[in-house]
Amino acid sequence: MTERSHNTGAGEPRVAEGPDVMLIAAALGRWSGQTIASIDVGPRCPSVMGVRDIVLPSTLRTVGCHGTSMWLDIDERILMVRMGQHTRVSAAISDPRYAALTIRMSGGASVQISDHRRFVNARVVDPATVRRHVSAAGPNVTSVTRADVQRITRAALSVDRTVAEALADVTVIAGIGQRIASEALYAARVSPWRAGHAVLHHEWCTVLDALHVESMRALAIGLAASAQEPLPSLAWSIPATVYGRTRLSDGTPLVRERCTSAWTLTWAPGVQT
């Protein structure tokens with residue numbers, strides 16, 4: 001099928017965010033108990049550590065994720081993949097120039113992890129490393145609540161940084177991407193450029209509420225859209241209020257700016273303060 005944008009709007013790139021990674025991990029989890037026949041390392045994964053040390057064929061035990069990191073337990077050797085904004089996971093083998101890892105099951109099914117823009121961070125770790133990774137990260141964006149407001153306010157106050165920079169810190173909240181951040185900050189009427197220490201307690205609560213609502217909406221839409229797919233294609237469309245657009249429905253202009261080293265956000269200067 002023809003691939004549509006994951007986001008509506010004016011040419012914004014699709015991004016892999018926490019809800020997307022959860023859907024992919026759940027789909028791969030259907031293969032738990034089956035045998036992995038081979039794992040091929042492609043040109044987009046030149047620095048992979050330990051993959052060639054996995055003895056194959058081996059059994060895929062479980063698949064887990066947190067934020068934008070996903071891991072496969074292959075007979076107690078943990079293959080961890082950190083999903084970048086443009087990392088894709090597909091049941092179809094695509095252009096080999098962009099392949100990072102190709103995993104083939106003994107039953108004939110396969111999955112390819114690729115990235116058209118950057119190298120993919122993948123490595124084999126032990127279970128203790130996974131536990132440390134999860135404990136060092138903040139709560140997943142899909143489970144964030146107002147109870148996490150102290151965590152985010154401390155993070156905003158610990159160094160002189162903006163709201164966008166605080167939200168981009170995975171030790172505060174894991175799984176936020178530039179689409180979720182754009183939509184949530186608009187819903188909360190908070191500028192991504194505002195100094196974190198200048199955001200009031202009730203405003204942070206509103207931001208957290210909006211992050212939760214937006215991430216759960218993305219998860220629900222993705223579940224419905226990918227129900228008949230062997231793996232989520234990220235080809236569905238999530239209706240957007242600001243992300244990827246140039247104006248609000250009432251004509252209010254929007255701007256698209258790089259607000260952190262990794263995020264280009266869409267926001268409304270006339271509305272968000």
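User: Buried means under 20% relative accessible area, exposed over 50%, and partly exposed in between (1.4 Å probe, protein chains only). Which of these classes does cysteine 65 fall in?

Analyst: This is a predicted model, in which local features need pLDDT of at least 70, side-chain atom pairs count only at pLDDT 80 or more, and totals for chains, interfaces and linings use all residues. Residues are numbered from 1 along each chain as its sequence is written, and side-chain values use heavy atoms, without hydrogens and water. The relative accessible area of cysteine 65 is 22%.

User: How many disulfides does a search of the whole structure find?

Analyst: A disulfide is a pair of cysteine sulfur atoms within 2.5 Å. The sulfur of cysteine 45 has its closest cysteine sulfur in cysteine 65, 19 Å away, which is too far for a bond. Cysteine 65 is likewise in no disulfide, its nearest cysteine sulfur being that of cysteine 45. For the whole structure, the number of disulfides found is 0.

User: What is the volume of the largest pocket?

Analyst: On a 1 Å grid over the protein atoms alone, a pocket is an open set of points with protein on both sides within 12 Å along at least five of seven lines; a cavity is a set where a 1.4 Å probe fits but cannot get out; lining residues have an atom within 4 Å of a point. The lining of the largest pocket has 39 residues, and Thr68, Met83, Gly84, Gln85 and Ala262 are the closest to its centre. By class, 16 are nonpolar, 17 polar and 6 charged. Its volume, the space filled by probe spheres set on grid points joined across faces, edges and corners, is about 830 Å³.

User: Which strands each supply at least two residues of the lining of the largest cavity?

Analyst: There is 1 cavity of 30 Å³ or more. Its lining consists of Met80, Val81, Arg82, Asn121, Ala122 and Arg123. At least two of the lining residues come from each of β4 and β8.

User: Is cysteine 205 buried or exposed?

Analyst: Cysteine 205 lies in helix α6 (residues 201-225). Leaving out residues up to four places away in sequence, cysteine 205 touches (heavy atoms within 4.5 Å) Arg146 and Val149. Its relative accessibility is 6%, so cysteine 205 counts as buried.

User: Which residues does arginine 97 touch, not counting residues up to four places away in sequence?

Analyst: Arginine 97 sits in the loop between β5 (87-90) and β6. It is exposed, with a relative accessible area of 55%. The residues touched by arginine 97, with sequence neighbours up to four places away not counted, are Pro43 and Arg44.

Methods:
Nonpolar A, V, L, I, M, F, W, Y, C, P; charged D, E, K, R; others polar. Helix = DSSP H or I, 4+ residues; strand = E, 2+ residues; numbered from the N terminus.
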